[in-house]
Amino acid sequence: LIIISTFSDKCLIGGSDEHESDEPKALIDTHHVMASLGTLVLGMQILESTLLFPPLARIVLVIQQLFGDFVRFFFLMFTLMISTAGAITVVQEPGFEHFDSSLTKLHKMFL
């Protein structure tokens, strides 16, 4: 966490303030990404420390199991989406001529 907070101000995406340029600035500021990552790490450490208290340990273990189920579901959905996009691209369905457009359209349909 100390490393993340130290270097989060040094990460810049897009043009700097000293040299104004015509390049568009990033939609997501790197500082916010690093701060979010630090918050997630801190939250995981807090959840880990609650395992010492038995009533909270049950809740934390259920949350971990639920998170594992979500990860497996999204991995399965991602695998199914990629294979379906590849198959539709090979068949050359109208609107699905390229793999990237097929993947984008299927992603919108799945969600």
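Visitor: Which side chains meet in a salt bridge here?
Guide: Asp69 and Arg72 do, in this predicted model. The N to O distance is 2.4 Å.

Visitor: Why can side chains pair like that?
Guide: Opposite charges can pair when the charged atoms come close.

Visitor: What cut-off does that distance have to meet?
Guide: The nitrogen must be within 4 Å of the carboxyl oxygen. At 2.4 Å, Asp69 and Arg72 meet that cut-off, so the pair counts as a salt bridge.

Visitor: Where do Asp69 and Arg72 lie?
Guide: Both are in helix α3. They are three residues apart, about one turn of the helix.

Visitor: Is Arg72 buried or exposed?
Guide: Arg72 counts as exposed, because its relative accessibility is 52% and the cut-off for exposed is over 50%.

Visitor: And what about Asp69, how accessible is that one?
Guide: Asp69 has 39% relative accessibility, so it counts as partly exposed.

Visitor: How many salt bridges does a search of the whole structure find?
Guide: One.

Visitor: New topic. How many helices and strands are there in the protein?
Guide: Four helices and zero strands. From the N terminus on, the order is α-α-α-α.

Visitor: How much of the protein is buried?
Guide: Buried residues make up 15% of the 111 residues.

Visitor: What about contacts between residues 24 or more positions apart?
Guide: They account for 26% of the contacts with a separation of 6 or more.

Visitor: Which residues line the largest pocket?
Guide: Met44, Leu47, Glu48, Ile63, Gln64 and Phe67.

Visitor: How do those lining residues divide into nonpolar, polar and charged?
Guide: Four are nonpolar, one is polar and one is charged. Glu48 is in the lining, and Glu counts as charged. Gln64 is in the lining too, and Gln counts as polar.

Visitor: Buried or exposed?
Guide: Thr89 counts as buried, because its relative accessibility is 13% and buried means under 20%.

Visitor: What does Thr89 touch?
Guide: Setting aside residues up to four places away in sequence, Thr89 touches Phe96, Glu97, His98, Phe99 and Ser102.

Visitor: Tell me about Ser102. Where is that one found?
Guide: Ser102 is in helix α4. Its relative accessibility is 0%, so Ser102 counts as buried.

Visitor: And which residues is Ser102 in contact with?
Guide: Ala85, Thr89 and Phe96, leaving aside neighbours within four places in sequence.

Visitor: Ala85 again: how far is its C-alpha atom from that of Thr104?
Guide: The two C-alpha atoms are separated by 8.9 Å. Along the chain, Thr104 and Ala85 are 19 residues apart.

Visitor: Where does Thr104 lie, and how accessible is it?
Guide: Thr104 lies in helix α4. It is partly exposed, with a relative accessible area of 43%.

Visitor: Where is Gln92 found?
Guide: In the loop between α3 and α4, and α4 covers 99-110. Gln92 is partly exposed, with a relative accessible area of 45%.

Note on methods
Residues numbered from 1 in each chain as written. Predicted model: local features only at pLDDT ≥ 70, side-chain atom pairs only at ≥ 80, totals over all residues. Heavy atoms only, no water. Buried < 20%, exposed > 50% of the residue type's maximum accessible area, 1.4 Å probe, protein only. Contact = heavy atoms within 4.5 Å. Helix = DSSP H or I, 4+ residues; strand = E, 2+ residues; numbered from the N terminus. 1 Å grid on protein atoms, 1.4 Å probe; cavity = no way out; pocket = protein on both sides within 12 Å on 5 of 7 lines; lining within 4 Å.
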